[in-house]
There are 4 protein chains.
Amino acid sequence: MSASLRIGVIGYGYWGPNLVRNFAAGPRTKVVAIAEQNPNRRQVAQAQFPYIKVVDDAAAILADPDIDAIAVATPIFTHYELAKRGLEAGKHVLVEKPLTPSVAQAEELASLAAAKKRVLMVDHTFVYTGAVRKIRDLVASGELGRILYFDSVRINLGLFQPDFNVIWDLAPHDLTIMDFVLSQTLGTQAKWVSAIGVSHYGRHENLAYVTVGFDDELLAHVHVNWVAPVKTRRTIIAGNKKMVVWDDTSPVEPVKVYESSVDVQHIDKDTAYALNVQYRSGDVNSPKLDGKEALAGMAQTFAAACLDGAASPSDAAVGVRIVRMLEAAQKSLEQQGARIKL
Amino acid sequence: MSASLRIGVIGYGYWGPNLVRNFAAGPRTKVVAIAEQNPNRRQVAQAQFPYIKVVDDAAAILADPDIDAIAVATPIFTHYELAKRGLEAGKHVLVEKPLTPSVAQAEELASLAAAKKRVLMVDHTFVYTGAVRKIRDLVASGELGRILYFDSVRINLGLFQPDFNVIWDLAPHDLTIMDFVLSQTLGTQAKWVSAIGVSHYGRHENLAYVTVGFDDELLAHVHVNWVAPVKTRRTIIAGNKKMVVWDDTSPVEPVKVYESSVDVQHIDKDTAYALNVQYRSGDVNSPKLDGKEALAGMAQTFAAACLDGAASPSDAAVGVRIVRMLEAAQKSLEQQGARIKL
Amino acid sequence: MSASLRIGVIGYGYWGPNLVRNFAAGPRTKVVAIAEQNPNRRQVAQAQFPYIKVVDDAAAILADPDIDAIAVATPIFTHYELAKRGLEAGKHVLVEKPLTPSVAQAEELASLAAAKKRVLMVDHTFVYTGAVRKIRDLVASGELGRILYFDSVRINLGLFQPDFNVIWDLAPHDLTIMDFVLSQTLGTQAKWVSAIGVSHYGRHENLAYVTVGFDDELLAHVHVNWVAPVKTRRTIIAGNKKMVVWDDTSPVEPVKVYESSVDVQHIDKDTAYALNVQYRSGDVNSPKLDGKEALAGMAQTFAAACLDGAASPSDAAVGVRIVRMLEAAQKSLEQQGARIKL
Amino acid sequence: MSASLRIGVIGYGYWGPNLVRNFAAGPRTKVVAIAEQNPNRRQVAQAQFPYIKVVDDAAAILADPDIDAIAVATPIFTHYELAKRGLEAGKHVLVEKPLTPSVAQAEELASLAAAKKRVLMVDHTFVYTGAVRKIRDLVASGELGRILYFDSVRINLGLFQPDFNVIWDLAPHDLTIMDFVLSQTLGTQAKWVSAIGVSHYGRHENLAYVTVGFDDELLAHVHVNWVAPVKTRRTIIAGNKKMVVWDDTSPVEPVKVYESSVDVQHIDKDTAYALNVQYRSGDVNSPKLDGKEALAGMAQTFAAACLDGAASPSDAAVGVRIVRMLEAAQKSLEQQGARIKL
């Protein structure tokens, strides 16, 4: 295997250029080809990266024996087909989020990757940000105590997607962060999903509330919305010792750790009264965050996974879990918010 | 009937003093008696209002023929009994929110008031604030266009209540504002309620998400929470022409009106694609609000209802509707979030 | 001397009621008389404090041998006369800020107090707030490092005062905080004052910028303004290790401590170049503040000064220093911003 | 003269690439050459713009008869020499701000440009932003009423400059905005400048307060600072009818227009008392701003000036005025804040 991972990027639309730029910047990755159907976008790609081969058909990349890995940045309904062909051609595969539009397809890809001994990874960029890494550290260290809930609001006047609703568009971010911070860090597993939504402008929901139930009285809730006047990206992760609020739109101090808690003296569920409850509110701390570009971290994690067999926080298993929750949310939407077991 | 309404206030705990102060300030109301069981609180009442008779038993007030109306500011489980005795004694009755702990009791009181031709009103203070009045005007004038959703977050490190959960404690505020702005102003009726919650510290839920479904693709959602690090009171009322964000914790410009909207060219639910969607984002306006104390407005509305037969935005029918939604939310909590028809 | 300080309060206008309330609440102080010329205000005083003697002339208080101390809450131009009479009558004296309209009067009062062995103290309330105490602690502990500057903005759409300009009205707050945090804590003395202002609506300046020069390259600057659209109270105290920003209008986290600094490798004033400068930016911490009412702390400090001879951070010497800076600022205003030595 | 302006850009350091990008994007401008002494920067320029000639010496550009105009993006102490050679070579000249380090040089360049009938313009980018344009419109329309003051704060943990102090680095922005909004729009002329500053880390002031006096009781004040923990860019332009606050760091609603004012009934300077003053506080409006890149507007304004003889809000006369204020501020710094006449 080469010392540097040779990558072909498929799709040069909205996100592809970011992948190319980060893979091209290395240090252990190299972009050798870009495939893009749209001739205008091909021209842009070639102008920006004169030394990279730009082709019109992904087949050329899939057939190239000098390419170790492909990165798929095409519309979601093409992910399965391209990833499958990539794995069958013996290549490592990175896919844009979400992995596929169905659990069946996601699981098939995960199995295929295992069988072919190739890496299948999803570009869940958020788990590579300084903010999420810091929150994970706070959870892992026990500093927050027992986690009580995860509440996330991701709303703005957003671009309507033609192919899917707001849950498939925005909730993958929150669900992945939740999976990273809770399931991967604490081992707590999501048990069920319910979702309520409404469609004001067409066939797809533009507003939805997704709830995820965990073991241990832990609840997660996500509000995603394409029709909101103020861009809001606020996540609360509350522990029984400290609580974190992450405001991803804030230009300063996006993560704040509150020394706030509620202490109940006698945790007797049948007799606990208000008088036994004490409130504590102390300092608020905004930790300095790692400012490195998240996508660069994702790119080098992919390289380490392919070249060294290193673990990844957005591997195939994570990708499947996220699709499973999205599919369950979709099913719940169609069943008036009924809880769908995972 | 007297030119000025002669009132007996029952209960001088947390809220009673506010009622006494506002009723005492007039102009059409007069407090003639206060009943309070706790001797220390009676002493405080007498010191603050030397000219008002302070008694230890509500019976003295109920039996006093010179008292036209009672205001009940006692724990929720005593509301029904006291209100009933008041109405039966021929007095007008104002009750703290929520009206009663059950729909059956609320309806019985409403019927009794009608039979006795007496006013039964609930102190849903928020509908008398300058902010909510301004929002109602914006909705009523059509300036916001068709209303799409109502989303409210009311969370903080809050006092646990011994007798009921966070829904019964905090959601009455949001549901009343919603009822005032949507049902009373537009005539749109709530159809169903669902709720999900969790109890971390005892037998009552300290965190809950309540969803209310209306006709016409209109959805309302309320997040209430006693265990949040940051006090948040933010309500979005989104119309298809303009949207309002009300931040009730902001010391400046709490209400903002956004000229933001999404326009879809061909509203064909089966074929609407992203390309047909256009976004508009214009000025943001923070209207000057009426700064008068809301409780003073509530007090004089009660006087006008009793003395003139004037209408009230928190009358018995409203009180019953709010209890009906709370009871439905409670039922949904116990049925894993199932939709409960209203 | 009595175990509890017996106080007569002179003046029951805007601030007098706050003094009475806090002195009345004890534990070591007792209000025995209130003097007020305005009959309506006397009526209010008597209604609020039925057990306190209310008189129309300060002379009655000054002549009362059972009164240990007076608190003067009258217009500034009456301070000198009342304080002088109080001291001559052998009473301790608390005066509203600023102490007097001139340095000569302030110094005379300070001398008289010393001669009479009585306490003369000024109600510079801000030095008793949790925020200022916390900032003082940060400065005193050396945590901020060497202090570089003090910058304060105190502006809003404020009530014009008929008797003096915006400097005499608002700057006493900033100058006192500055004196407490820098001079009292570090021993650094103010050397000169300059001021620039403008009067848009009458004879008194409604907008002014006051600069105070210290030893050691330390500069303080205060912007006071009665004609500003947004209420702002923001003070920066920058050290070479950490910096504090205090936003006194913020309902949450008013004090923030920034681990931000600039490190210069070779502090050679003649050759220091940008390349030798390094920037550090770390966590931001918002310490929990003591939430007790500042005026209660002031009241008990006055009691301790009178009863125990304890020191006070707003004693006569401080009061004189503040008036000296105000008088210098006034002189500078009239000399086009020339530096006036202190 | 060519239909499109053929430009040579001198200097490809921090700002040069922005000029090249905007001039290259047209529509009426074309970059034909870049001169840069640093070989690494030349390599970057050539890689980014393969079709533009990149040279190591400005002389090649100045000697090229096919080049109509030069843009000078080099250190300030080289501006005079390069601009002079450009004008003498018959080329239009755009210079980075500030124009030169002295008034004498600035005036000489302005005279030379006039004599040679060539455009001399300064890249004061801020006057081309949507925010400043909107503020200018508000002032020009009379909506704000008579302007009372201009107050600007431009502070952060900023890069120390080796060649000059914080006034020369940051204040050109504020002074230019002030000149555009007040002098160019209202015809009000600055009369004097005073400045106070301090140097904590080397020979150049890193903190300064600059005051500019105008006719008509109008005052401008600028706080510039390289050692502040929070990035602040806040400008208040207060009129006697409305006031504008521009927060250039705010990601949302950076410009707010306050319907706040103070009305004095009888403007008799000798007798005006507080009782004659009335306060008004109404709606707050955040106008939608033109989001186009300011530098693109600057580039095309330069083209229009060169090709059509159109006027420019950052022409040679403006450039001279700004340098005159900077030089006066420098002189005042050295004279303890004395007022320097303009």
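A salt bridge is a side-chain nitrogen of Lys or Arg within 4 Å of a carboxyl oxygen of Asp or Glu. By this rule, 52 salt bridges are counted over all chains. The model is predicted, so local features need pLDDT of at least 70 and side-chain atom pairs count only at pLDDT 80 or more, while totals for chains, interfaces and linings use all residues. Residues are numbered from 1 along each chain as its sequence is written, chains are lettered from A in the order in which they are written, and side-chain values use heavy atoms, without hydrogens and water.

**Exercise 1.** Find the parts of chain A that D308(A) and R28(A) link.

*Solution.* Start with the distance: the closest N and O atoms of D308(A) and R28(A) are 2.8 Å apart, and the two form a salt bridge. Helices (H or I, at least four residues) and strands (E, at least two) are DSSP runs, numbered from the N terminus.

**Exercise 2.** Decide whether E253(A) is buried or exposed, and do likewise for its partner K256(C).

*Solution.* First, the pair: E253(A) forms a salt bridge with K256(C), with the closest N and O atoms 2.8 Å apart. This pair crosses between chains, from the loop between β12 (243-247) and β13 (255-264) of chain A to strand β13 of chain C. Now recall the cut-offs: buried means under 20% relative accessible area, exposed over 50%, partly exposed in between (1.4 Å probe, protein chains only). E253(A), at 12%, is buried, and K256(C), at 17%, is buried.
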